[in-house]
Amino acid sequence: MLRRQPFKFRIEPTGEQQRKLRQFAGMTRFVFNKALALQQANREAGEKYIGYVPMTKQLTAWRNSDETPWLKEAPVHPLQHALKDLDRAYQNFFAKRADFPRFPKQIKLDQGNRRIFLPKLGWLRYRHSRPVRGTLKNVTVSLSACHWYVSIQTEREVASPLHASRLAVGIDLGVVRFATLWDGHKETVLEPLGSFARHQHRLARAQRQMARKNKFGRNWLKAKARVQRLHRQIGNARHDYLHKASHAISKSHALACVEDLQVSNMSRSAKGSAEQPGRNVRQKTGLNRSILDQGWGEFRRQLDYKAQWAGGWLVAVPPQHTSQQCPECGHTDADNRQTQSLFLCVACGHSENADRVAARNIRERGLKTLEGQDDARFACEVNGAVRPSAAGTRRSDDAAKAA
């Protein structure tokens with residue numbers, strides 16, 4: 001099995017190297033914006049979309065032009081990657097900018113001396129917290145709250161793992177409870193961390209202090225650094241919590257069943273427009289903030305690759321009526337969900353916690369998704385359902401159609 005794995009470390013560039021890093025980042029933004037302007041002008045003229053390969057020829061012309069000769073000071077690969085990001089944005093119909101340079105080639109990694117060589121920057125020290133294993137494929141340099149980081153992506157062949165567990169779990173994500181797990185025997189509840197909510201007042205105060213300063217003045221820069229540090233703390237706490245939760249679930253369960261949630265649609269603003277203003281905007285804004293604070297999308301992403309690395313399987317099922325369908329008699333009715341936490345079936349009278357009901361239904365839908373599979377990878381049985389020795393996310397047909 002081919003495993004792609006990133007290794008992220010904090011680097012300690014010198015003052016001159018930091019200046020070059022910021023310069024290269026600005027150049028990638030310049031190339032992205034220049035290419036975007038060219039695409040827009042080309043579209044207004046009724047011409048066809050310019051693909052990535054023809055656009056790289058434009059980049060060569062810009063680097064050799066008398067107007068922008070300074071583009072030659074940056075490695076060509078970060079500039080090319082900015083064009084790839086723009087091409088991907090057009091293909092996927094949403095904007096995705098490349099803020100920081102990437103160095104796909106000409107990289108040297110000296111783990112013994114804890115340093116990495118990047119083109120036109122030379123050797124940079126990094127904090128070697130764990131060994132880098134595999135063939136180095138690309139490197140991403142990023143800046144977060146005055147700290148520079150390097151992310152090294154590698155590839156290596158590993159033996160296809162076979163999961164030691166025989167348990168399948170259904171996972172219901174929520175706001176009051178971060179996750180409710182049901183494995184067929186017992187319920188496990190993961191309480192929400194609320195990283196943003198914990199620091200919200202401190203962050204608001206720091207932002208108000210920043211707003212009172214003269215923009216780009218020395219005190220304004222200090223206040224901005226405080227705001228950035230708070231954002232970094234919030235993000236680090238959230239990622240740490242999600243990594244620990246996804247690791248525990250992937251290690252203890254061979255099959256993880258989740259809802260195929262469209263988080264971007266669920267957290268879309270309800271503000272509306274001047275002609276058609278939204279309703280309950282404040283309540284919806286609070287709900288959106290809570291959803292994004294939980295990190296549902298990042299949790300599923302982590303659970304996906306960690307289940308694969310452990311030899312498990314992740315199944316995404318349709319989310320419709322998971323908390324309104326009775327797990328005992330199968331009756332589905334909106335009146336079954338009495339309150340946020342109470343489920344009471346109007347047909348058979350079954351009463352249970354609503355989140356646990358959802359987790360049970362998600363698990364059953366996930367098991368049914370794997371029924372009848374005759375693929376050779378489905379070698380072992382988990383609670384009556386077959387599973388593969390190692391794979392990634394499987395979406396049910398209904399979920400795939402809904403997406």
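Which element gives the largest share of the lining of the largest cavity? In this predicted model, that element is α5, with three residues.

## Cavities

Two cavities of 30 Å³ or more are counted. The largest cavity holds about 40 Å³ of space. Its lining is made up of Leu193, Gly194, Ser195, Arg238, Tyr241, Leu242, Asp293 and Gln294. Two or more lining residues come from each of α5 (218-252) and α7 (281-294).

Tyr241, one of the residues in this lining, also belongs to an aromatic cluster, where ring pairs link it with Phe178 and Phe299.

## The largest pocket

The largest pocket contains about 1,300 Å³ of space. It is lined by 33 residues, and those closest to its centre are Pro6, Lys8, His239, His243 and Arg301. The elements that contribute two or more residues to this lining are β1, β5, β6, α5 and α8 (296-309).

The largest share of the pocket lining is that of β1, which supplies nine residues.

## The six-stranded sheet

Six strands form an open sheet in the order β2-β3-β4-β1-β6-β5, with antiparallel pairing. The edges are β2 (108-110) and β5 (135-144); each has a single partner strand, so one side of each has no neighbour in the sheet. On average, neighbouring strands of this sheet are turned by 35 degrees against each other, direction ignored.

Within the sheet, β1 runs antiparallel to β6 and is joined to it by ten bridges. Phenylalanine 7 is opposite isoleucine 152 of β6. Towards β4, β1 has two bridges, again antiparallel, and isoleucine 11 stands opposite tyrosine 126 of that strand. Strands β3 (residues 115-118) and β4 (residues 122-126) are also antiparallel, with four bridges between them; here phenylalanine 117 faces tryptophan 123 of β4.

## The two faces of β1

In a regular strand, side chains alternate between the two faces of the sheet. Strand β1 (residues 2-12) has a covered face with Arg3, Gln5, Phe7, Phe9 and Ile11. Its uncovered face carries Leu2, Arg4, Pro6, Lys8, Arg10 and Glu12. Pro6 and Lys8, both on the uncovered face, are among the residues closest to the centre of the largest pocket.

Strand β8 (residues 179-182) is covered on both faces. Ala179 and Leu181 are buried on one side, and Thr180 and Trp182 are buried on the other.

Strand β7 (residues 168-173) pairs with β8 in the antiparallel sense over four bridges, and isoleucine 171 stands opposite leucine 181. These two strands form a hairpin with five residues between them. On its other pairing, β8 meets strand β9 (residues 187-190), also antiparallel and over four bridges. The bridge partner of tryptophan 182 in β9 is glutamate 187. The hairpin of β8 and β9 has four residues between the strands, and glycine 184 in its turn has a positive phi of about 100 degrees.

## Aromatic rings and charges

A pair of aromatic rings is described by the distance of the centres and the angle of the planes. The count of aromatic pairs is seven.

Two arginines sit over tryptophan rings. Arginine 3, on the covered face of β1, lies over the face of tryptophan 309, at 4.4 Å from the ring centre. The charged end of arginine 115 is over the ring of tryptophan 123, 3.9 Å from its centre. Tryptophan 123 is also the residue opposite phenylalanine 117 in the pairing of the strands.

Most residues other than glycine have a negative phi. Arginine 114, in the loop between β2 and β3, has a positive phi near 55 degrees. Its relative accessibility is 46%, so arginine 114 counts as partly exposed.

Alanine 145 also has a positive phi, of about 50 degrees. This residue lies in the loop between β5 and β6 (147-157). Alanine 145 counts as buried because its relative accessibility is 12%, under the 20% limit.

Note on methods: Residues are numbered from 1 along each chain as its sequence is written. This is a predicted model: local features need pLDDT of at least 70, side-chain atom pairs count only at pLDDT 80 or more; totals for chains, interfaces and linings use all residues. Side-chain values use heavy atoms; hydrogens and water are left out. Rings of Phe, Tyr and Trp (its six-membered ring) pair if their centres lie within 6.5 Å; planes under 30 degrees apart count as stacked, over 60 as edge-to-face and the rest as tilted. A charge sits over a ring if NZ of Lys or CZ of Arg is within 6 Å of the ring centre and within 35 degrees of the ring normal. Two strands pair if DSSP finds at least two bridges between them. Axes are lines fitted to C-alpha atoms, for helices over the stretch in contact, and angles run from 0 to 180 degrees between N-to-C directions. Buried means under 20% relative accessible area, exposed over 50%, partly exposed in between (1.4 Å probe, protein chains only). On a 1 Å grid over the protein atoms alone, a cavity is a set of points where a 1.4 Å probe fits but cannot get out, and a pocket is an open set with protein on both sides within 12 Å along at least five of seven lines; lining residues have an atom within 4 Å of a point. Grid points are joined across faces, edges and corners, and a volume is the space filled by probe spheres set on the points.
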